[in-house]
Amino acid sequence: PSARPAATPSSSWTVRLRERLARTVPPGQVLPDRQPAYVRSWIYVFGVATLAAFLVVLASGGILAIEGAAWWHTSSVGHFVNSLHLWSVEIFFACMVIHLWGKLAMAAWRGKRGLTWATGVIAFVSSIGTAFTGYLSQSNFDSQWISTQAKDGLNAVGIGAFFNVLDPGQMLLWHVVLLPLAVGVLVVLHVILVRRHGVV
């Protein structure tokens with residue numbers, strides 16, 4: 001049998017992907033081992049701490065999703081995982097706000113970094129929605145109280161028909177699937193842009 005002809009660079013998907021990645025993030029910038037001296041700032045530490053907390057949020061939330069919405073009410077292990085999820089969210093927001101305000105003070109959008117700044121801000125706003133739906137997914141009196149207080153405000157701005165805070169199933173799916181996916185995509189895009197354009 002005749003040997004299969006070797007793929008030319010233009011038809012090889014691996015070459016095309018490698019070239020696309022090289023155009024997106026310059027070689028050596030994806031995982032650099034050296035950074036400028038001015039990167040030794042707590043503002044960047046809070047950015048990395050935000051990423052670390054986000055990973056803990058996803059992992060603990062994944063465990064909660066596997067075991068079910070009411071598991072943490074009846075299990076001591078579930079209560080621990082739920083507490084880990086809550087406190088990692090608290091750390092996530094605290095570090096993100098410090099990073100956001102620090103970068104605002106540094107005018108981080110300079111040097112064609114406007115999209116980097118915008119993705120960070122939009123990720124922050126999306127995170128607020130994710131946290132809000134988390135409070136609505138607790139399946140206890142606290143979540144009922146929050147949802148009844150929120151429904152009038154959301155109806156007043158005209159989104160109550162699409163975002164029904166009194167529907168725990170809808171809020172759980174927003175919290176577990178849609179909003180974390182949006183935040184995750186924005187965080188990945190933000191990190192890629194930081195690697196591509198460098199830090200301020």
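In which helix is T133 found? T133 lies in helix α5, an element of this predicted model that packs against helix α7 at an angle of about 160° and crosses α4 at roughly 155°.

**Packing of α5 with α7**

- Helix α5 spans residues 114-136 and helix α7 spans residues 168-197; their axes are 9 Å apart.
- Because the angle between them is about 160°, and angles over 145 degrees count as roughly antiparallel, α5 is roughly antiparallel to α7.
- The crossing in which α5 passes α7 is left-handed.
- Sorted by class, the residues in the contact of α5 with α7 comprise 13 nonpolar and 12 polar, with no charged residues.

**Packing of α4 with α5**

- The axes of α4 and α5 come within 11 Å.
- The angle of roughly 155° makes α4 roughly antiparallel to α5.
- Helices α4 and α5 cross in a left-handed sense.
- On the α4 side, the residues that meet α5 are E90, F92, F93, M96, V97, L100, K103 and L104.
- Their counterparts in α5 are W117, V121, F124, S127, I128, A131 and Y135.
- By class, this contact of α4 with α5 has 12 nonpolar residues, one polar residue and two charged residues.

**The largest nonpolar core**

- Ten residues form the largest nonpolar core, namely A53, F54, F92, F93, M96, L100, F124, A131, V183 and V187.
- Helices α2 (42-67), α4 (76-105), α5 and α7 each supply at least two residues of this core.
- The largest share, four residues, comes from α4.
- In soluble globular proteins, nonpolar side chains tend to be buried together.
- L100, one of the core residues, is in contact with W117, V121 and F124 when its neighbours within four places in sequence are left aside.

- Not counting residues up to four places away in sequence, T133 touches F163, M171, W174, H175 and L179.
- S126 also has its place in helix α5.
- The relative accessible area of S126 is 16%, so S126 is buried, as the cut-off is under 20%.
- With residues up to four places away in sequence not counted, S126 touches V183 and L186, and V183 belongs to the largest nonpolar core.

Methods. Residues numbered from 1 in each chain as written. Predicted model: local features only at pLDDT ≥ 70, side-chain atom pairs only at ≥ 80, totals over all residues. Heavy atoms only, no water. Axes fitted to C-alpha atoms, helices over the stretch in contact; angles between N-to-C directions. Parallel < 35°, antiparallel > 145°, perpendicular 65-115°, else oblique. Left-handed = near helix turned anticlockwise from the far one by under 90°. Nonpolar A, V, L, I, M, F, W, Y, C, P; charged D, E, K, R; others polar. Buried < 20%, exposed > 50% of the residue type's maximum accessible area, 1.4 Å probe, protein only. Contact = heavy atoms within 4.5 Å. Core = buried A, V, L, I, M, F, W, Y, C linked by side-chain atoms within 4.5 Å.
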